[in-house]
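Please keep the sequence and the model in view while going through the points below.

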Amino acid sequence: KQQLGAEHPALATSLNNLAMLYKTQGKYSAAEPLYQESLRITKQQLGAEHPSVAMSLNNLAMLYKTQGKYCEAEPLYQESLRITKQQLGAEHPAVTTSLNNLAMLYHAQGKYSD
C-alpha cells in the first residue's frame with residue numbers, strides 16, 4: 001500500500017489473499033471487508049467487466065456461501081458467471097468453474113431444479 005498506493009491492482013490481490021487466509025481460519029468478519037475492498041479496487045482499476053472482477057465476485061460469494069448467506073452469494077455467483085462467459089467465451093474452463101460454484105450453492109439450498 002505504501003509503495004504502490006491504495007488503488008493499485010496489486011493491493012487488491014494482496015487484500016484478496018489475506019481475505020482467503022482469514023476465511024480458511026474461520027475469521028469471516030475479518031475476511032468480508034477485505035474481499036469487498038479488493039472487489040472495489042479491481043472494478044475501479046480494471047473495469048467492471050474484467051475477468052478479475054468475476055474472480056473477486058466469486059471469492060466473496062464463496063465466503064457468503066460458507067456462512068450460509070445464500071441470498072447474498074447467489075447474485076454474486078450469477079454476475080461472476082455472466083462476466084466470465086462474456087469475456088472468456090462459453091467454452092472456457094473458467095465458465096465450468098463458475099457454473100459448478102453456482103450449482104453447489106443451489107445444491108446447498110436444495111434447489112435441484114434451478
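A73 sits in helix α4, where helices are DSSP runs of H or I with at least four residues, strands are runs of E with at least two, and both are numbered from the N terminus. The model is predicted, so local features need pLDDT of at least 70 and side-chain atom pairs count only at pLDDT 80 or more, while totals for chains, interfaces and linings use all residues. Residues are numbered from 1 along each chain as its sequence is written, and side-chain values use heavy atoms, with hydrogens and water left out.

**A73 and its surroundings**

- A73 is counted as buried because its relative accessible area is 0%; buried means under 20%, exposed over 50% and partly exposed in between, with a 1.4 Å probe and protein chains only.
- Leaving out residues up to four places away in sequence, A73 touches A61, Y64, K65 and L105, a contact being heavy atoms within 4.5 Å.
- A73 and L60 are 13 residues apart in sequence, and their C-alpha atoms are 7.5 Å apart in space.

**Helix α4**

- Helix α4 covers residues 70–88, which makes 19 residues, and its first and last C-alpha atoms are 26 Å apart, close to the 27 Å expected at 1.5 Å a residue; the expected span is 1.5 Å times one less than the number of residues.
- The buried residues of α4 are A73, E74, L76, Y77, S80, L81, I83 and T84, and these buried residues pack against α3 (51–66) and α5.
- After α4 comes G89, which has a positive phi, near 95°.
- S80, also in helix α4, counts as buried because its relative accessibility is 2%, and, with neighbours within four places in sequence set aside, S80 is in contact with A54, L57, N58 and S98.
- L88 lies in helix α4 as well, but L88 counts as partly exposed because its relative accessibility is 35%.
- L88 touches P51, I83 and A94, not counting residues up to four places away in sequence, and the C-alpha atoms of L88 and P51 are 7.7 Å apart although 37 residues separate the two in sequence.

**The largest pocket**

- The largest pocket has a volume of about 150 Å³, where the volume is the space filled by probe spheres set on grid points joined across faces, edges and corners.
- A pocket here is an open set of points, on a 1 Å grid over the protein atoms alone, where a 1.4 Å probe fits, with protein on both sides within 12 Å along at least five of seven lines, and lining residues have an atom within 4 Å of a point.
- P51, A54, M55, N58, N59, S80, T84, L88, A94, T97, S98 and N101 form the lining of the largest pocket, and the elements that give two or more residues to this lining are α3, α4 and α5.
- Helix α3 gives the most to that lining, with five residues.

**N101 in α5**

- N101 is placed in helix α5 (residues 93–109) and counts as buried because its relative accessibility is 14%.
- The side chains of N101 and N58 make a polar contact at 2.8 Å, a polar contact being a pair of N or O atoms within 3.5 Å of which, within protein, one must be able to donate a hydrogen and the other to accept it, with residues adjacent in sequence counting only if both atoms are side-chain atoms.
- Not counting residues up to four places away in sequence, N101 touches N58 and Y77.
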